[in-house]
Amino acid sequence: MDRSAEFGRWKAQSLSKADLSRKGSVDEDAAEVVELLNSREEFFTTSSCAGRILLLDGSTNGPGVQKQHCCWLLLTHKPCAKDDVMAALKGATSEAVLKFEPFILHVQCRTLQDAQTL
């Protein structure tokens, strides 16, 4: 099977799917780079996040923070003020976890050379 045609089918299939994030869309601050990469024949994005600040209600289901089935007290992709965090903390029912997640971008590349170029 032609690898280039196979890559094209993967790309079309991936880009035709609905955004599965909680937000349901690409972050505004990541949209330009996502659109640029997806417009190129040799790349497509599979997920992205422009960076975010999360305040989670602590899990009682064991150690560590789990994404699924947790209570998000605060989620922002923009800088936030201390007052925003303090107000969100009022909704906590257990220990809260504050996380900062930087920009992340997952990109599928047609070839190893394309990945090295990227």
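This is a predicted model: local features need pLDDT of at least 70, side-chain atom pairs count only at pLDDT 80 or more; totals for chains, interfaces and linings use all residues.
Figure 1. Leaving aside residues up to four places away in sequence, Thr45 touches Ser14, Leu15, Val34, Leu37, Asn38, Leu105, His106 and Val107.

Figure 2. Asn38 has its place in helix H2. With a relative accessibility of 18%, Asn38 also falls under the 20% limit and so counts as buried. When residues up to four places away in sequence are not counted, the residues touched by Asn38 are Lys11, Leu15, Phe43, Phe44 and Thr45. Asn38 and Val107 stand 69 residues apart in sequence, while their C-alpha atoms are 9.1 Å apart in space. Val107 is also among the residues that Thr45 touches.

**Figure 3. The open sheet formed by three strands.** The strands of this sheet follow the order S3-S2-S4, and their pairing is antiparallel. Strand S3 (72-76) and strand S4 (96-101) are the edge strands, each pairing on one side only. On average, neighbouring strands of the sheet are turned by 10° against each other, direction ignored. Strands of a sheet pair through backbone hydrogen bonds, in either a parallel or an antiparallel manner.

**Figure 4. Strand S2 and its two partners.** Strand S2 comprises residues 52-57 and pairs with S3 over four bridges in the antiparallel sense. In this pairing, Leu54 stands opposite Leu75 in S3. Six bridges join S2 to S4, and these two strands likewise run antiparallel. Here Asp57 is placed opposite Ala96 in S4. Strand S2 is mostly covered, with five of its six residues buried.

**Figure 5. Helix H3 against the sheet.** Helix H3, formed by residues 82-89, lies across S2, S3 and S4. The helix runs at about 155° to S3.

**Figure 6. The largest pocket and its lining.** The space in the largest pocket amounts to about 850 Å³. Its lining consists of 27 residues, of which Asp19, Ser21, Thr46, Ser47 and Ser48 lie nearest the centre of the pocket. At least two lining residues are supplied by each of helix H1 (3-16), helix H2 (28-39), strand S1 (43-49), S3 and strand S5 (104-109). S1 gives the most to the lining, with five residues. By residue class, the lining divides into nine nonpolar, 10 polar and eight charged residues. Rolling a probe the size of a water molecule over the atoms shows where empty space is left.

**Figure 7. The protein chain as a setting for the close-up views.** The secondary structure of the chain comes to four helices and five strands. From the N terminus on, these elements run α-α-β-β-β-α-β-β-α. Of the 118 residues in the chain, 27% count as buried. Among contacts with a separation of 6 or more, 68% are accounted for by residues 24 or more positions apart.

How values were computed:
Residues are numbered from 1 along each chain as its sequence is written. Side-chain values use heavy atoms; hydrogens and water are left out. Two strands pair if DSSP finds at least two bridges between them. Axes are lines fitted to C-alpha atoms, for helices over the stretch in contact, and angles run from 0 to 180 degrees between N-to-C directions. Contact means heavy atoms within 4.5 Å. On a 1 Å grid over the protein atoms alone, a cavity is a set of points where a 1.4 Å probe fits but cannot get out, and a pocket is an open set with protein on both sides within 12 Å along at least five of seven lines; lining residues have an atom within 4 Å of a point. Grid points are joined across faces, edges and corners, and a volume is the space filled by probe spheres set on the points. Ala, Val, Leu, Ile, Met, Phe, Trp, Tyr, Cys and Pro count as nonpolar, Asp, Glu, Lys and Arg as charged, and the others, Gly among them, as polar. Buried means under 20% relative accessible area, exposed over 50%, partly exposed in between (1.4 Å probe, protein chains only).
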